[in-house]
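I opened the notebook to record what I looked up in this structure, entry by entry.

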Amino acid sequence: MSTEIAAERLLSAADGADPEQAARLLFQAFVALSRTADSHHLLTLVSRAQRVHDRSGTAATELIYRTLAGTAATRARRPDGPDHLDRAVRIFDENDFGADPVLVECALTAVMTLMRPEQARRFAPLVDTLDLDPVDRARLLALIGVGDAWAGNLVRGQAELREAARLAALCDSLDVQAEATSWLAKCDALRGDLESAAANLDQARESAARVGSAWVAHHLPECTAMLAFARGDLDAWAGLLELVVATDTGVTAGLQHEHRWELATHHAQAGRPEVAAGLLAGVDDPPRGWPGGAALPAWRAWILDLDSPVTSATLAASLDELTRPVEQLLAARLAWLLGAHHGRAGRRGESARLLERACAGYARTGAAGLLALVLDDLRRLGGSRTAAAAAVVPAPAGRESTLDLVASWARSTGEPALTGAETRVAAAIADGLSNREAAGQLFVSVKTIEFHLGNIFRKLGVRNRTELAARRARTG
């Protein structure tokens, strides 16, 4: 049954129900439509919910009404959304509603729409104790999972999103499956599970198309952009960012400023300052309380004058103000951007300090995919070396390291060059490590090792790890 038909039946049932039951049916219709309908369609449910609450006047019906009003208003870019949602959270906290699945979902929806993902975790124990249908559990688990990931716990968020996607697939709930797998794809990319990210993106696209999900279709380009970035395909990433910025993707997660600032940085560093300035012109900084709001003005100033010691120092100082869980990934990214820029300018000390800070941030959040890319910059810097950065022990004087040797194979034979990630994997496997041992040493998943090995074998013209080791021996 399509979500629109399911919602119509719920709305029809609400017409003849008492106020308490009518409010619940309206919320269920809202949930059914939230992944397929646009924001203006959802606003039509709000007036009905308000009339139901006016007839009832109970805390439960007000919680439902405030959640619907706040979520619909936020998606429609109306300014009254946060006030409704704050009120909804207060009502939940002031009443004993933890055993009511509908009211738990209302409060969870409110905190996520308010961009307070770190608060989603407090609902997990409640969800564990509720008697829920698989599709309801999948939907709530997906919200908690994306909250954990968004708040900087990618390991836990990834596991919860996988379970949500599995449950949704079991009960053939395509809308929930599309949403969970789209979020999971981005989480996988951040974690370095690139093959899994690509598969989940394909699944999300297919599920969204089969159910007609406008909500999922809107944020799929953002997920695709993250996968391109994690793969090191900066041309595709920049092109996708152009689409993301043009369509204002990431609004509900508060990322629309980050996407625009990222694209402006890309153009500024590529020698197109006028394009960067055009992207930022006429766009106000977000409020200071916005996720990342404390650093975004400093980031803007640096984009507009990359080589100024003043803007660089101000941006570096602003990193200390990004202290909320939701700001951890941004703090690591800004440290990386600034550290890499210092490295290109020959300022090795500042570069090493900031790149190590980025590594620590990505390690803390579980973003192994991005950590691997920062380690490439650290290795190129040739100065600060961490245990994670060194895939092998440096060779004795006068001899190449295994890492350098493997990197030279493709260059010496005219074959396609290995990427930085492929070079590290090739070095580890050529030294005799198993896939699992290599994954542990390089802080990625076994699936990622397998994915890179397929590319390495193809590029170097070898069929297995034995031939890879023999190839290294011949080259040496």
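**Cysteines.** I began with Cys-223, which is buried at a relative accessible area of 2%, where buried means under 20% relative accessible area, exposed over 50% and partly exposed in between, with a 1.4 Å probe and protein chains only. Cys-106, at 0% relative accessibility, also counts as buried.

**Basis.** I noted that this is a predicted model, in which local features need pLDDT of at least 70 and side-chain atom pairs count only at pLDDT 80 or more, while totals for chains, interfaces and linings use all residues. Residues are numbered from 1 along each chain as its sequence is written, and side-chain values use heavy atoms, with hydrogens and water left out.

**Second largest pocket.** I looked up its volume, which is about 820 Å³. The search runs on a 1 Å grid over the protein atoms alone, and a pocket is an open set of points where a 1.4 Å probe fits, with protein on both sides within 12 Å along at least five of seven lines. Grid points are joined across faces, edges and corners, and the volume is the space filled by probe spheres set on the points. The lining of this pocket consists of 38 residues, and Phe-229, Gly-232, Leu-234, Trp-336 and Leu-373 are those that lie nearest its centre; a lining residue has an atom within 4 Å of a point. The elements that give two or more residues to this lining include α12 (214–230), α13 (234–246), α18 (328–344) and α20 (368–381), where helices are DSSP runs (H or I, at least four residues) numbered from the N terminus.

Which element gives the most to the lining of the second largest pocket? I found that α20 does, with seven residues. By residue class, the lining divides into 18 nonpolar, eleven polar and nine charged residues; here Asp, Glu, Lys and Arg count as charged, Ala, Val, Leu, Ile, Met, Phe, Trp, Tyr, Cys and Pro as nonpolar, and the others, Gly among them, as polar.

**Helix α18.** I checked the span of α18, which has 17 residues and reaches 25 Å from its first C-alpha to its last, close to the 24 Å expected, the expected span being 1.5 Å times one less than the number of residues. Because 14 of its 17 residues are buried, α18 is largely enclosed by the rest of the structure. Leu-334 is found in this helix and is buried, with a relative accessible area of 0%. Leu-334 and Glu-262 are 72 residues apart in sequence, yet their C-alpha atoms are 9.8 Å apart in space. After α18 comes Gly-346, whose phi is positive, near 85°.

**Salt bridges.** I counted 28 salt bridges in the whole structure, each a side-chain nitrogen of Lys or Arg within 4 Å of a carboxyl oxygen of Asp or Glu. One of them joins the side chains of Asp-15 and Arg-48 at 2.6 Å, N to O. This pair links distant parts of the chain, with Asp-15 in helix α1 (residues 3–15) and Arg-48 in helix α3 (residues 39–56), 33 residues apart. Asp-15 counts as exposed at 60% relative accessibility, whereas Arg-48 is partly exposed at 21%.

Asp-202 forms a salt bridge with Arg-205, the closest N and O atoms being 3.1 Å apart; both residues lie in helix α11 (residues 194–211), three residues apart, about one turn of the helix. Arg-205 is partly exposed, at 36%.

Are the partners Arg-424 and Asp-376 buried or exposed? The closest N and O atoms of their salt bridge are 2.2 Å apart, and the pair links distant parts of the chain, Arg-424 in helix α22 and Asp-376 in helix α20, 48 residues apart. Arg-424 is buried at 5%, and Asp-376 is buried at 7%. Salt bridges that share partners also join Arg-121, Asp-148, Arg-156 and Glu-160 into one network.

**Positive phi.** Most residues other than glycine have a negative phi, and I looked for exceptions. Arg-77 has a positive phi, near 65°, and sits in the loop between α4 (59–75) and α5 (81–94). Met-115 has a positive phi near 60°, lies in the loop between α6 (101–113) and α7 (124–129), and counts as buried at 16% relative accessibility.
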